[in-house]
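User: I am new to this structure and would like a short tour of its side-chain interactions. Could we go through them topic by topic?

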Amino acid sequence: MGDVVYDLREVRRSRYAVAAVFAVHGAVTGSFATRVPWVQDHASLSAGQLGFALAFTAFGASCSMPLAGRISHRFGSRTALRGLIALWTLSLVLPSLAPNMLTLCLAMFTYGASAGMADVAMNALGVEVERLLDRSIMSSLHGMWSAGALIGSAAGTLAAHLGSDARLHFALAAATLTLLGVLACRWVLDVQAAEDEEPPPRFALPPKSALLIGTVGFCAVFAEGASLDWSAVYLRDQLDTSAGLAAACTTGFMLTMAVARLVGDVVVDRFGAVRTVRAGGALAVLGGLLIVVAGHPAVAMGGFALLGLGIAVVVPLCFAAAGRSGPNPSQAIAGVATITYTSGLIAPGLIGGVAQATSLVVSFVLVTVLACGLAAFAGVLRTGDRSRQEVSRPSAAVPDPRP
């Protein structure tokens with residue numbers, strides 16, 4: 001099948017539709033993150049047990065990601081994304097129904113698997129729209145994810161403050177977000193595979209060019225996962241705050257990430273990826289230090305906010321750099337995704353394990369040390385200027401991810 005040329009209005013409309021899907025995806029994460037203390041209490045778990053259960057989220061995502069490419073190959077990008085985003089939003093109710101660690105592990109695996117498949121599908125469409133528009137939009141798309149997470153966490157903060165049952169909260173949120181996600185998918189591009197096109201491979205080793213880039217993403221995702229899952233628990237257990245204020249800390253973290261990502265494309269164009277990530281690394285380290293030494297909730301909340309600001313644009317820049325790092329951009333991006341999801345797999349369990357053996361303060365010392373890696377390895381993102389491309393779609397199964 002030859003190249004498909006899209007009308008510019010169709011591409012722009014798809015950009016806004018994909019942005020809406022990113023926001024819906026983030027809202028599910030934000031809704032869950034603020035009610036982690038409720039889930040922990042409902043299942044009667046220690047910090048170590050909670051960390052073990054949360055690790056199944058990223059484990060499920062890592063296992064399921066290759067399936068997203070095959071689903072899109074078979075059904076087309078629009079139908080695949082519609083089904084996967086609905087599966088993800090509906091899975092929100094599962095953690096609140098788990099009465100013990102075993103059932104919570106199973107719930108988190110399913111929750112993570114649906115998250116990973118929807119994440120791959122929406123990012124593939126985002127990369128395609130970015131290529132067709134021939135300008136950077138990935139940071140702002142991830143900003144919409146953070147904005148959605150912020151909205152979800154704000155609703156979760158209110159629900160926690162009112163002392164509402166998370167089962168009711170999650171059921172209402174899942175119904176609303178499913179409707180919004182399915183509606184938004186009506187206007188995304190429907191990318192179809194060629195008839196003679198082979199399905200994407202189930203597994204491919206990341207190329208060497210992706211390893212160092214993935215290391216930078218690993219550090220950022222570790223800090224993000226630790227903050228999303230443990231910030232509310234940190235304030236409640238270490239600083240003896242109320243459930244509402246603890247949830248508000250997670251909201252503040254998401255707020256700084258959302259703002260930074262929404263303006264990230266402009267900042268990167270002005271200062272470049274390397275300087276942006278180095279400056280972000282310095283802010284993340286400062287934020288981590290404030291969390292570790294905090295004796296008052298306001299100091300810890302400020303630390304989480306700085307940490308979110310520092311790591312906000314790192315992952316979008318890692319994917320962009322991977323796309324320019326070698327002759328096989330798709331494989332490089334897949335490699336970076338594998339490494340970053342591995343970080344998400346490790347972070348919750350490791351934070352919980354360290355907290356069980358020592359304390360949550362020591363856990364965030366580890367987060368701070370890893371944040372230093374952003375500044376140390378930022379130079380690997382120096383991969384040249386973004387190439388200009390025509391507004392057309394090649395017939396390859398995986399969209400050309402070069403921005």
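**Side-chain interactions**

Analyst: R270 lies over the face of F271, at 4.9 Å from the ring centre; a charge sits over a ring if NZ of Lys or CZ of Arg is within 6 Å of the ring centre and within 35 degrees of the ring normal. This is a predicted model, in which local features need pLDDT of at least 70 and side-chain atom pairs count only at pLDDT 80 or more, while totals for chains, interfaces and linings use all residues. Residues are numbered from 1 along each chain as its sequence is written, and side-chain values use heavy atoms, with hydrogens and water left out.

User: How many aromatic pairs does the structure hold?

Analyst: There are 10 aromatic pairs. Rings of Phe, Tyr and Trp (its six-membered ring) pair if their centres lie within 6.5 Å; planes under 30 degrees apart count as stacked, over 60 as edge-to-face and the rest as tilted. Y234 and F364 form an edge-to-face pair, at 5.3 Å centre to centre and 80° between the planes.

User: Where do Y234 and F364 lie?

Analyst: Y234 is in helix α8 (residues 208–238) and F364 in helix α15 (residues 360–377), so their pair ties together parts 130 residues apart in sequence. Helices (H or I, at least four residues) are DSSP runs, numbered from the N terminus.

User: And is Y234 buried or exposed?

Analyst: Y234 is buried, at 1% relative accessibility, and F364 is buried with a relative accessible area of 1%. Buried means under 20% relative accessible area, exposed over 50%, and partly exposed in between (1.4 Å probe, protein chains only).

User: Turning to charges, how many salt bridges are there?

Analyst: The structure holds five salt bridges, each a side-chain nitrogen of Lys or Arg within 4 Å of a carboxyl oxygen of Asp or Glu. One of them joins R9 to D7, with the closest N and O atoms 3.3 Å apart. R9 is exposed at 66%, and D7 is partly exposed at 38%.

User: Which residues are linked in a network of salt bridges?

Analyst: The network links D41, R236 and D237. Between R236 and D41 the closest N and O atoms are 3.4 Å apart. R236 lies in helix α8 and D41 in helix α2 (residues 36–43), so this pair ties together parts 195 residues apart in sequence. Between D237 and R236 the corresponding distance is 3.0 Å.

User: How exposed is D41?

Analyst: D41 counts as exposed, at 51% relative accessibility, whereas D237 is partly exposed at 43%.

Technical notes. Helices (H or I, at least four residues) and strands (E, at least two) are DSSP runs, numbered from the N terminus.
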